[in-house]
Amino acid sequence: MLDELAQIQSDALADIEAAPDNAALEQCRTSLLGKKAPLTAAGAGMKSVPKDQKAAVGQKLNQVRRSITTALEEKLATLRADADARAVEGIDLTLPGRTAFRGNTHPLTQITDLLVHTLRRMGFSLASGPEIETEFHCFDALNTPADHPARNEKDTFFFNSGHLLRTHTSTVQIRAMESVKTLPLRVIAPGSAFRRDEIDATHLNQFTQIEGLYVDETVTLGDLKGTLEFLLQSIFGHDTPVRFRPHFFPFTEPSFEVDVQLRIKGKQPKWIEIAGCGMVDPNVFASICEQRSDDLFHPDKVTGYAFGMGVERLAMILWSIPDIRLLIENDARFLTQFG
Amino acid sequence: MKVSLKWLNDLVDLADLSTREIDDLLTFAGIEVEGIQSVPQGVVAAIITSSEKHSNADKLSVCQVDDGSGTPKQIVCGAKNYAVNDVVPLAAPGTAFPSGFEIVERKMRGQISQGMLCSAAELGLAEESDGLLILPDTTVPGTPLSQIYPPIFDLEITPNRPDLLSHRGIARELATLTDRPLLIPKTPEIITQIATNAEITVSAPHHAPFYSARHINHVKVGPSPEWLQEKLQAVGLRPINNIVDITNYVLMETGQPLHAFDASKLNGGFMVRIATAHEKFLALDGEEYSLRPEDVVVADANGAIALGGIMGGEISGVTENTTSVILESAYFAPPVIRRTSRDLNLSSDSSYRFERGVDPQGVLPASALATQLIVDLAAGKPADAILTAGTLPILTGSVQLDEDRARSLLGIDIPAAEMHRILAGLGLTLENKSKTKSSWRIPSYRIDLQRHIDLVEEIARVHGLDKIPATTAAAFAPASPDDIAFDRLNQLRSRLSGLGFLETKTIKLLSSEEAVTTCPHTSTDDLVTVKNPLSEDHTTLRPSLIPGLLSAAERNSHQGATTLRFYETGTVFRTPESEKQLITLLAGGDSQPSTWHEARPRQLDISDLRGFLETILPVSSLTLIPSHSPSSPFVLEADITIDKKSLGLIGQIQPAFTRKIDFQAPILIAELNAESLWQLMNRADTFEELDRFPAVSRDVAMELPAVIPNGDIQDFFDTQKESLLVSARLFDVFTDPAGEKLPAHKKSLAYSLTYRDKTKTLTTSEVDDAHGRILAALKQELPVQIR
């Protein structure tokens, strides 16, 4: 009996080893462990085994069954491992991937976002105003009298209604001061402005500005300086020198132009004009008071600063873009460089 | 304005300051230095004593030069335009050019070269030049070139500072900033008598408040002396003759425009009057101008002899034959000159100053200075009296300074004494002072100083912003409606980036024809057009973002793009001057980049664009209402609605346009109203319980007439009141144009209906009952056959 079992074992292990695939192995399992299997028959023959041999034969029987089961599991694992290896055999990992299109925002949007995010960290909220404006909001309220050189049909687009396309986003200063309920007023306004210029490498008839205004009881020139230094150093690098040159704008006094020093390797450092700014002219406050019929903005009670800068110019400086028209031509080969 | 450093040096001693230091002084005084034309230090005049061909280089010569040092120098040179004995500029070793290039002694092809001979362009004296700059042969070797070509500053003077429009004005400012004495000579004592005489009448006192004229006889017109010619040439003026040069010189020196008439050409007395309508005036520039009653002229009995404050007349100008002149010095009202100059598109050094405002107290001294020069340089004999009419305006007065208010605006604790020092230095006179206030008399030339804030500005400017500490004043900032819209737009932008869309920016002005042909639902009446366009291409504000996107499509198609995915956000305009924010998408071409897996990707169709919208928008499904007559740019068009509210439109561009721009696939457009979108995004989203019981699906296939849109079927399912039905999803559309498997006028739609009960697992019979009810209703309401 023991010899018979040994023979069953060796035959079975050979069959399992020889099984070429999963199906053959499953057949082996049935033929080796199923009802008609020799081992099953041998198990049934236990009744006729003499008593003194029962323990030894029983043990052998179990040992053969275990070894067959184990061999089946091992063979199954081997077959699966082989199949898994075959499934990835010959895949060329150096082939290019399946790609999807990748989009991105416009470089002008990216600059605007950068400015807005930085200014928001400093406690400014967004404001807006119409692009078709009244002469009052664009000029009169901004202390720019009717005979001011900037105020003419040569430089400004007008409509038959007498309205105009705003020449700067400073109009939003006036809109914000007209409508606000309480102080402080701390707003920024990115938006389009228009000038009656022929389009060439350095001019468009429309450009993007960001405007800032802060009015409260004790706003100082030092606050303006601190704000713009932080803003510009956030954009150009924290150690970028920033300087304020006295200048003239009708709606601020004192007024300044702000330069940053660009340092490009191998070149002389260069001051580049970035922004205009100043303390809100008392005449602007006086006009607002008249408009509001209250004294929230009384020129003797409040002070404020305002600043503005051109987004196209910033983009051209930051990315060394030589021709402003690239920003409005929307060539995908240009736009995707900012992804 | 061009300012010569040499000229300035006559008025204030700046010899110890470098060009760079003067640049900084001017810049921080608020005077923008647009450019400096200056020869580098170290360049001297040298005479070429011999020149031989370089033995080892075809294009080079070896020159011996005398630079006045006593030691001859050898220079290797590539130029050809000189001869021996020419005097040329020599840049000695150590000379640094603005480009950073520095001259060193070195060997060139075996020959030592002890410097460089320079061209005008290399010295910054010309834009371009050919060969060496040949200096006058009288030039003494060793003379620094900066002496022959002193630095010229090109300054931009802000409109509030007309007092700076002269060498004296700039000198006065620099003297103040550096605390130096001003060396302006005393006004010559020429004015012996002021006579108001019937010879001059001013009938336009608002246009010309003050007019003066002086007869100067026996003048000898001829060339100006060298010093005068040099000064004028340095600031870019061409010398003409001594009389004209003197008037130009006094203008550049003092800022007061003058004019000299040939007395013999005048008929009768002077009238300063308003022009008559269409009055003709032949100006010195040779052009004839037609005047209007708002222009001011100087006239004699025959008509206008000068356009007041702007330009003299051709007829009355000083020539070589002139023997007697009348010298005009006047004060013209700035707004009048500005308007005339602008309207006639005629400006001059004179109008530039009058329209900004000259110093009323400088009018007569300038006349005196010019008269003295005419006496000295043209042997003129002035009349005893200067004839005047009108009165000089008084434009400046006293201004109070409140020192505490000044400090609080500046944000620094600047002592009163320092403020007073600054104001006094600028020529203001302290009239009286109390503890914290002082009163200042403003000099007549500082017409910009009228208010308290103007004094504070002067203090800030002279004190310098670099001394003011940068402070921070942050505050809590609530989100405004603009903040919320900005954030939502950016959320949408990032979703669009994820779908491969590039953001465009286009010009908002376009031609009216383009607007009407490319903007849906737009007629000429809807257009907002500017009154004064610069060109036909930019007359109209865009009523839609579609034209800009189509031009982006055109440009990229012509660049060979096989995919177009663009969007733009921004303002559009419609009559009556109303503004709206739109978000517009354009897509077409390859559905994915072409790769080795799929070299010819599927082309996008309108379902793709709808899918893109459903991906980026906060709602998962849109309702499209097809239009039966698509408007102009579209061949297919539908309104997009959500909950019956219009959100915008979607469409496919006319194939004619697609062909025109050589694009090989349909171009699809969706235009959405931003305001409606933000309202959608406003909806509070509440948490929805997760399903705990399984759903059961039943498919239904139906045959129906092809003309019935799928939307009718979807609507039917979406509006069923059957509580167990949770969704109906289209999964197959079948048509057979050949009519073999299905009649050609029919189509087959297959829907998967999902049933679920939130409270329990459904039994088969419950689902069957519900499904049966739905199908029965479907057959009843719509002409479908269930298959």
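A residue is called buried if 20 or more other C-beta atoms lie within 10 Å of its own, exposed if 12 or fewer do, and partly exposed in between, with C-beta atoms placed from the backbone. His167(B) has 25 C-beta neighbours inside 10 Å, so His167(B) counts as buried.

Before we go on, a word on the model. This is a predicted model, in which local features need pLDDT of at least 70, side-chain atom pairs count only at pLDDT 80 or more, and totals for chains, interfaces and linings use all residues. Residues are numbered from 1 along each chain as its sequence is written, while chains are lettered from A and ligands numbered from 1 in the order in which they are written.

**Around His167(B)**

His167(B) sits in helix 4 (residues 167-178) of chain B. Helices (H or I, at least four residues) and strands (E, at least two) are DSSP runs, numbered from the N terminus. What does His167(B) touch, leaving out residues up to four places away in sequence? Its partners are Val3(B), Trp7(B), Leu8(B), Leu11(B), Met252(B) and Glu253(B); two residues are in contact if their C-beta atoms, placed from the backbone, lie within 7 Å. Lys2(B) is 165 residues away along the chain, yet the C-alpha atoms of Lys2(B) and His167(B) are separated by 9.3 Å.

**Helix 7 of chain B**

Among the buried residues of this helix are Val336(B), Ile337(B) and Leu344(B). The buried residues of helix 7 pack against strand 17 (288-290), strand 18 (296-300) and helix 8 (349-354) of chain B. Just after the helix, Asn345(B) takes a positive phi of about 55°.

**Chain A as a whole**

Chain A has twelve helices and nine strands. Its radius of gyration, taken over C-alpha atoms, is 42 Å, well over the 20 Å that the globule rule (2.2 Å times the number of residues to the power 0.38) gives for 339 residues, so chain A is more spread out than a compact globule. Its C-alpha atoms fill a box of roughly 130 × 45 × 45 Å along the principal axes. Of its 339 residues, 42% count as buried.

**Where the chains meet**

The contact takes 76 residues from chain B and 76 residues from chain A. On the chain B side, helix 13 of chain B gives the largest share, seven residues. The table sorts the residues of chain B that touch chain A.

| Class | Members of the class | Residues of chain B |
|---|---|---|
| Nonpolar | Ala, Val, Leu, Ile, Met, Phe, Trp, Tyr, Cys, Pro | 36 residues |
| Polar | the others, Gly among them | 24 residues |
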